[in-house]
Amino acid sequence: MDELELEFELDSRLANDCIVLGDFPLSRLLLMNDANYPWFILVPRRAGATEIYHLSPQDQHQLIDESSELAEIMADSFSARKMNIANLGNMVPQLHLHHVARHEGDPAWPGPVWGKQPAVPYSAEQIAQIRKRVESMLVGEVSFVAGKK
């Protein structure tokens, strides 16, 4: 574990809006607490990183591997018509990649999901089901380790 990982702290806005599901070798996997969409976020555990180019070349490749694996599994698992993957950072500068499985019937289709609908928080039962689903989808993939419940 290097110094940048030791100093890593999840941005308070992400911590407030999301549920921690586990860790890939580089990134923390979060679930956006909005049941309107299957919406996951990867946050590289590197202190001070706000842009992909702030990561080492090795970490850049690892992030793409983790993002690609997550997107493929989400697309299959949620029968997505399109996977939206975005790194904006205008409101939360900490480097994070949104992964949203989109469907033609979702509340924001075909526009972006931000600000379209009020967030619908998951119930404790829904979160438990998602944790179980994520663990069955990802454990063993790109060395994903499920988080504490």
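Guide: In this predicted model, rings of Phe, Tyr and Trp (its six-membered ring) count as a pair if their centres lie within 6.5 Å.

Visitor: How many aromatic pairs does the structure hold?
Guide: A pair of aromatic rings is described by the distance of the centres and the angle of the planes. With centres required to lie within 6.5 Å, the number of aromatic pairs in the structure is 4.

Visitor: What kind of aromatic pair do Phe 40 and Phe 78 form?
Guide: The ring centres of Phe 40 and Phe 78 are 6.2 Å apart, with 40 degrees between the planes. Planes under 30 degrees apart would count as stacked and those over 60 as edge-to-face, so this pair falls under the remaining heading, tilted.

Visitor: How many residues apart in sequence are the parts that the pair of Phe 40 and Phe 78 ties together?
Guide: Phe 40 belongs to strand 3, whereas Phe 78 sits in the loop between helix 3 and strand 4 (82-86). The pair therefore ties together parts whose separation in sequence is 38 residues.

Visitor: Is Phe 78 buried or exposed?
Guide: The relative accessibility of Phe 78 is 17%, and the limit for a buried residue is under 20%. Phe 78 therefore counts as buried.

Technical notes. Residues numbered from 1 in each chain as written. Predicted model: local features only at pLDDT ≥ 70, side-chain atom pairs only at ≥ 80, totals over all residues. Heavy atoms only, no water. Helix = DSSP H or I, 4+ residues; strand = E, 2+ residues; numbered from the N terminus. Buried < 20%, exposed > 50% of the residue type's maximum accessible area, 1.4 Å probe, protein only.
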